[in-house]
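Subject: Structure for you to look at

Hello,

Here is the structure I said I would pass on. My notes on it follow below.

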Amino acid sequence: MEPENTDVSAQPADASPADAQPAEAVKAGEAATLGMILLAVEELWPESLAEDWDEVGLVAGHPSAEVSRILFAVDPTLEVIEEAVAWGAELLITHHPLLLKGVTSVAANTPKGKAVHRLIESGTALLTVHTNGDSAVGGVSDVLADALGLQDVVPLTPAANGLPEEGIGRVGDLAEVQTLGEFAAQVFGILPSVAGGVRVSGDRDGLVRRVALCGGAGDSLLNEVRASNADVYLTADLRHHPASEAREAAVNDRPYLIDVSHFASEWLWLPAAAEALGNVLTDQGHDIEIRVSTTNSDPWDFILTPG
């Protein structure tokens with residue numbers, strides 16, 4: 001599955017984002033300003049849900065500027081920014097922050113500075129929806145759980161400032177018991193194609209039903225995974241030592257571990273997020289074109305394996 005152009009403007013209510021095609025915009029209502037869109041985003045993904053260490057919200061852009069096109073992406077890389085500029089998007093919404101760590105300069109001869117200058121000079125605003133997009137209902141892990149058909153889904157770690165159904169990660173049950181190999185194949189089938197593929201730790205023929213997952217890097221949640229009695233844990237960026245220690249501490253060989261691409265695990269959220277924001281703005285009478293980036297920002301290009 002490759003990242004694809006997904007335009008959700010003027011789509012019927014039952015249209016799937018994956019099936020959406022670029023459509024002529026509906027001419028209705030007043031032009032939206034960036035400030036209006038920020039209010040809609042806050043309704044869907046409140047900043048109060050963001051983790052304390054995170055940096056979310058508006059990075060560049062003037063709230064009074066008019067917006068008619070929005071591009072969603074995982075990463076605010078220069079390639080993604082150029083895609084937004086080429087399409088004429090006045091707003092780029094990314095999952096990952098551009099300025100998560102402090103910087104002392106945004107000079108144009110630095111990577112971060114070059115991105116900031118390109119955004120401002122092109123009139124393209126940048127908005128970050130990160131851990132607030134993870135935690136919210138319909139967020140990154142919810143979309144991943146839905147794609148896998150999990151039932152009775154609850155947060156792995158409840159949000160400190162949210163509803164009971166909000167929080168980081170999710171845990172739920174498959175409709176039917178599967179082998180670990182079958183479940184891993186299902187995971188592989190729903191994610192965008194990336195060089196790293198899917199790595200699995202555990203008995204291929206072992207049976208799984210209860211699934212814990214966290215889109216993005218989730219090895220900090222291994223204690224919560226064990227407490228959830230999950231048969232398998234799906235996440236990204238599993239480092240050697242946490243993974244090794246988790247396997248050593250496993251009870252009856254569980255939880256098994258499945259490690260996927262950070263980018264791929266979060267890309268699935270983009271079409272759903274674009275559709276959700278499109279619905280809110282349409283209900284408010286705004287005429288906005290929203291598209292999902294086609295740029296694969298996974299940092300790996302190829303992999304060598306035995307055999």
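Where is Asp-237 found? Asp-237 is in the loop between S12 and H8. Before going further, please note that this is a predicted model.

The phi of Asp-237 is positive, near 60°, although the residue is not glycine. Most residues other than glycine have a negative phi, and most peptide bonds are trans. Asp-237 counts as partly exposed, because its relative accessibility is 39%. Another aspartate, Asp-152, also has a positive phi, of about 55°. Asp-152 belongs to strand S8, which covers residues 151–158. With a relative accessible area of 65%, Asp-152 is exposed.

Gly-149 follows helix H5 and has a positive phi, near 75°. H5 itself, residues 140–147, is mostly covered, with six of its eight residues buried. The buried ones are Val-140, Ser-141, Asp-142, Val-143, Leu-144 and Ala-145.

There is also a cis peptide bond, between Arg-254 and Pro-255, with omega about 5°. Pro-255 sits in the loop between helix H8 (240–248) and strand S13 (256–260). Both Arg-254 and Pro-255 are in contact with Asp-231. Asp-231 is in a loop as well, the one between helix H7 (222–227) and strand S12 (232–236). Is Asp-231 buried or exposed? Its relative accessibility is 17%, so Asp-231 counts as buried.

In soluble globular proteins, nonpolar side chains tend to be buried together. The largest nonpolar core here has 56 residues, and those with the most contacts inside it are Trp-45, Ile-70, Phe-72 and Leu-277. Helix H10 gives the largest share of this core, seven residues.

Setting aside neighbours within four places in sequence, Trp-45 is in contact with Phe-72, Val-129, Asn-132, Gly-133, Ala-136, Trp-269, Ala-273 and Leu-277.

Two helix pairs

Helix H1 (residues 34–44) packs against helix H10 (residues 269–283) at an angle of about 125°, and their axes are 10 Å apart. H1 and H10 are therefore oblique to each other. The crossing of H1 past H10 is right-handed. On the H1 side the contact involves Ile-37, Ala-40, Val-41, Glu-43 and Leu-44, and on the H10 side Ala-276, Leu-277, Val-280 and Leu-281. By class, the residues of this contact are eight nonpolar, no polar and one charged.

The other pair is H2 with H3. At what angle do the axes of H2 and H3 cross? The axes of H2 and helix H3 (residues 111–122) cross at roughly 5° and come within 10 Å. H2 and H3 are therefore roughly parallel to each other. Leu-78, Ile-81, Glu-82 and Val-85 of H2 meet Lys-114, Ala-115, Arg-118, Leu-119 and Ser-122 of H3. This contact of H2 with H3 has five nonpolar, one polar and three charged residues.

Two buried residues

Ala-84 is in helix H2, residues 78–87. Its relative accessibility is 0%, so Ala-84 counts as buried. Not counting residues up to four places away in sequence, Ala-84 touches Leu-71, Ala-89, Leu-92 and Thr-124. Ala-84 and Val-292 are 208 residues apart in sequence, yet their C-alpha atoms are 9.9 Å apart in space.

Leu-91 lies in strand S6, residues 91–94. With a relative accessible area of 0%, Leu-91 is buried. Its C-alpha atom is separated by 4.6 Å from that of Ala-125, 34 residues apart along the chain. Leaving aside neighbours within four places in sequence, the contacts of Leu-91 include Leu-34, Ile-37, Val-67, Arg-69, Ile-70, Leu-71, Thr-124, Ala-125, Leu-126 and Leu-127. Among these, Ile-37 is one of the H1 residues that meet H10, and Ile-70 is one of the residues with the most contacts inside the largest core.

Regards

How values were computed: Residues are numbered from 1 along each chain as its sequence is written. This is a predicted model: local features need pLDDT of at least 70, side-chain atom pairs count only at pLDDT 80 or more; totals for chains, interfaces and linings use all residues. Side-chain values use heavy atoms; hydrogens and water are left out. Axes are lines fitted to C-alpha atoms, for helices over the stretch in contact, and angles run from 0 to 180 degrees between N-to-C directions. Helices (H or I, at least four residues) and strands (E, at least two) are DSSP runs, numbered from the N terminus. Angles under 35 degrees count as roughly parallel, over 145 as roughly antiparallel, 65 to 115 as roughly perpendicular and the rest as oblique. A crossing is left-handed if the near helix is turned anticlockwise from the far one by less than a right angle, and right-handed if clockwise. Contact means heavy atoms within 4.5 Å. Ala, Val, Leu, Ile, Met, Phe, Trp, Tyr, Cys and Pro count as nonpolar, Asp, Glu, Lys and Arg as charged, and the others, Gly among them, as polar. A nonpolar core is a set of buried Ala, Val, Leu, Ile, Met, Phe, Trp, Tyr and Cys residues joined through side-chain atoms within 4.5 Å. Buried means under 20% relative accessible area, exposed over 50%, partly exposed in between (1.4 Å probe, protein chains only).
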